[in-house]
Amino acid sequence: MTSALELINLRKSFGQTEIIRGVDLSIAPGERHAIIGPNGAGKSTLFNLITGRFPQTAGVVELNGQNLAGKAPFEINRLGLSRSFQITNIFPKMTVFENVRCSLLWSRGYQYSFWNLVSNSQELTEAADAILEQINLTSRRNLPAGVLSYAEQRALEIGITIAGGANVIMLDEPTAGMSHSETDYITDLIMKVTEGKTLIMVEHDMGVVFGLADKISVLVYGEIIATGAPEEVRANPRVQEAYLGAAMEAH
Amino acid sequence: MRMLMPWIVGAIVLLVLPIFFGGRSQLTIMSQMSITVVFALAYNMLLGQGGMLSFGHAVYMGMGSFLCLHVMNMSSFGSFPLPLLPLLGGVFGLLFAIIIGSFSTRSAGTVFAMISLGIGELMAALVLIVTVFFGGEEGISGYRDEGLPFFGIEFISNLEVYYLIAIWMFIAVALMYLFSRTPVGRMANAVRDNPERAEFLGYSARRVRFVSFAVSGFFCGVAGGLSAILFEIATESDLNVTASGVILLVAFLGGIGFFWGPIIGAVVFTLLQTVLGLQTHLWELYLGVVFVGMVMFFPAGLSGIIMAHVPAAKMGKLGTLVGPYLTCVLPGILGGLGLAALIEMIFHVRSGAEGEHHMVLFWIDFSTHDVLPWLVALAVAVIGIGLAVRNAPNFKAAWENASTLPEAA
Amino acid sequence: MDLFFVNIIDGLVFGLLLFMLSSGLTLIFSMMGVLNFAHASFYMLGAYFAYQISTVLGLGFLAGLIVAPIIVGIAGAGIERYGLRRVHQYGHVPELIFTFGLALLVQEVVKLFWGQNQVPYAEPAWLDFALFNIGENSIEAYKVFMILISMLIFGGLLYILTKTRIGMIIQAALSYPKTVEALGHNVPMVFMGVFGVGTALAGVAGVIAGPALGTFPGMAFTLGSIVFVTIVVGGLGSLWGALAASLLIGWITTFAAAYNFEFKTILLALGMEEPALIWDSKLRDLWTLTLPQIGPILPYVLMVAILVFRPQGLMGKREA
């Protein structure tokens, strides 16, 4: 069976500095995979490489067996990979409903058409409303997205990410900057909306990680030092060293 | 049905306007207004809806205009029905926009603005060099009534031309409105707000911008075709950078945030240009002041100001604003007029003929060598603006009170 | 060959003049991230103020050269403080539109006070003589004076930016305004100052260019778009790029205007026959085209080509 996502010796340098130093990773379809690691380990860079935001220096990224080299973000998205951002990245001047509807357009085959009206499509409206229901923003439907609270914007960000129906969902620190109750809320939400999909997430909150992930990879200085089930990773001495070491430095 | 109401009212207004304003020049002004409406809306497809600031958009309207005039000058024009000419103009505008847009829409922002400025300057210069096509400084002229009569109509009278232009305007506005409701029209907004996010939703931001640009070029071309029919001439001044600047001004004056904003801008601007232009040599100065003031204090434009009243109206509090309007806005306007009077008098003294002291302003006859008129104008300006400034905090408070919900008791 | 050297000098004069505008504009751009459409309007104001001071009030050329740029700089700083800073909160597009509107307004105000036509602002008598000759062409002292002033200003600017403390703060504020503010420097004040100095530089350019290129209400728009072209070609935010592009465009336009090359030559070389009745020919524009005719549009061709093929400009690091 082909992996949903396969990274082979992936490398990225900025100038002289190598940030990602040969990452190999294979993520099976339907897996919930968390990437953890200390600050500055290159987690977000890894995300940006996979989704085509930056070109890689060397190595291969394969999505469902297809090489993504040289593809633009929009092409990668069309192949069934969708991502959220660490810093909220929505369409602030458009309504919440419009935000979700726009995220549905491509996958529903509307492309660049200017011969049909979006408001005439019952199917589109229903699908968008169903997603709003899922992310509990129905009551905010007609507000400009920019006026929502932070947690609501994060929920919308996730809604936009899953709306297109991509099979591989990548979430970049979905709970960053949230309170405990908000974090629990978003964790449940992620669980609900990624049912049956491949999920790859970067996360700092270990509660979220252990609650959601089937498998965990630990990224330290641009290299994966361990991959496995949560218990294995927790018990791994190198991980303990890296994490405790980092934790010691931090405190 | 409720959604169709504005369109039905609009159609009726267009239909009956000539009954009230049937004079030759009035019909021409209304025709010109209609053309500006089409052009301004086409421009706002880029600026307001797509976030692309163009300094050379008159090129597409001008090209449509020139090409339509060449069609009018063809020997086979006699077998071509005139009402279809704007469609040809649109196709010309579209083709030209496809060529330029293929490289200029790569990014929005400064690069796009600069390329548009460069193309604008280039085309304006080419008009004077390529005389075969553009006719040099005289431009190209033709006769609309040489086309195939359309159900017996030859479009000789201004009324016939007005109706032709009004119908085209109505169709173009409706189509542009519908475009903003199509998938690519919605994505234009998304790309304007956040191009990167749109890319991660499967859309190429460049492609979305390109489609908007091409469609905008089409409607600019339609406006150009209408202009060819109305004025029967096209010159360099139709596509130079000044013409592009004017349409930016029109769209911004009306407000780029709402679809119908530029319509208001086009109507108000054309009225100012024709009515104020007849009254004073300085209308461009006033226009500049209004424009700069608008950007500074009301960047949402006239439509934004109108829409700002909606919350108050919904809560039935518009009445509470009458008082503040009378004590702040009215003195402000009067003060502005006083200031304008001063400026007019200075201008009269400086550029009037030697020994010419006589002047008529606001229907008042006076001599610029008397002290009294100066004092009156100065007093009106100082007192009016002074009152406006003094009452401004009150106005602001009343405004905020009217547009926010009362605290739940 | 003599003509060549004369054109080198003329191009240098024009290029350095462009640089006086483009240096200020590019500094302001790197600082605020917005192109100031009204930059050339300050150049025009410089010329008119200098005319008012030197000719109308009769205080002499030097008084104009010193006082006019100061007034222009103060006006510029005021516009930054009370205009631009206010519009800044609405975003880049309204900012650009504001400066565009300002350019229109300044032009109208100038028309109101000084009229539609060119005003008789001339070079001072003490600089109105031929300094030396190249072949049969005399080079006026005023041209050399323009070159000297431009060089002096460029040297001063370079010194201030690289060698003084305030220059360091400006350079740091350009890249990291937040950090510099956190270090206790008054960044808005620095911005206002840079805007004021940038516009004052444009004012100086106006003072010395007014007599040479003419002082009329359209002078801002005529030069304004070329200045834009210059900083885009040079690379937005790059001072050295602005210098290179200014000189390049100065020489291109000067040489194009000076050599009456006819495109007929090319057509004949291609083996085409000149039509007897040229005004009936479809290609008459090509047959009669000369280099001076297309000279004014060459900068725009250059800019569009640069934007399409090298959007970061000659020496810029970032995309425009």
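## A hairpin in chain A

Let's start with a pair of residues: A:Ile216 has A:Gly228, in strand S10 of chain A, as its bridge partner. Keep in mind as you look around that this is a predicted model.

That bridge belongs to a wider pairing. Strand S9 (residues 215–220) and strand S10 (residues 223–228) of chain A run in the antiparallel sense and are joined over 5 bridges. Together, S9(A) and S10(A) make a hairpin, with 2 residues between the strands. If you look into the turn, you will find A:Tyr221, whose phi is positive, at about 45°.

## Where chain A meets chain B

Next, the contact between the chains: 29 residues of chain A touch 25 residues of chain B. On the chain A side, the elements that give two or more residues are helix H2 (73–78), strand S6 (81–83) and helix H3 (96–105). By residue type, this side of chain A divides into 15 nonpolar, 10 polar and 4 charged residues.

## Two helices in chain B

Over in chain B, helix H2 (residues 24–50) packs with helix H7 (residues 158–180). Two packed helices are described by the angle between their axes and the distance between the axes. For H2(B) and H7(B), the angle is about 15° and the axes are 9 Å apart. Angles under 35 degrees count as roughly parallel, so H2(B) and H7(B) are roughly parallel to each other.

The crossing of H2(B) past H7(B) is left-handed. In the contact of H2(B) with H7(B), the residues divide into 17 nonpolar, 6 polar and 1 charged.

Terms used:
Residues are numbered from 1 along each chain as its sequence is written. Chains are lettered from A and ligands numbered from 1 in the order in which they are written. This is a predicted model: local features need pLDDT of at least 70, side-chain atom pairs count only at pLDDT 80 or more; totals for chains, interfaces and linings use all residues. Two residues are in contact if their C-beta atoms, placed from the backbone, lie within 7 Å. Helices (H or I, at least four residues) and strands (E, at least two) are DSSP runs, numbered from the N terminus. Ala, Val, Leu, Ile, Met, Phe, Trp, Tyr, Cys and Pro count as nonpolar, Asp, Glu, Lys and Arg as charged, and the others, Gly among them, as polar. Two strands pair if DSSP finds at least two bridges between them. Axes are lines fitted to C-alpha atoms, for helices over the stretch in contact, and angles run from 0 to 180 degrees between N-to-C directions. Angles under 35 degrees count as roughly parallel, over 145 as roughly antiparallel, 65 to 115 as roughly perpendicular and the rest as oblique. A crossing is left-handed if the near helix is turned anticlockwise from the far one by less than a right angle, and right-handed if clockwise.
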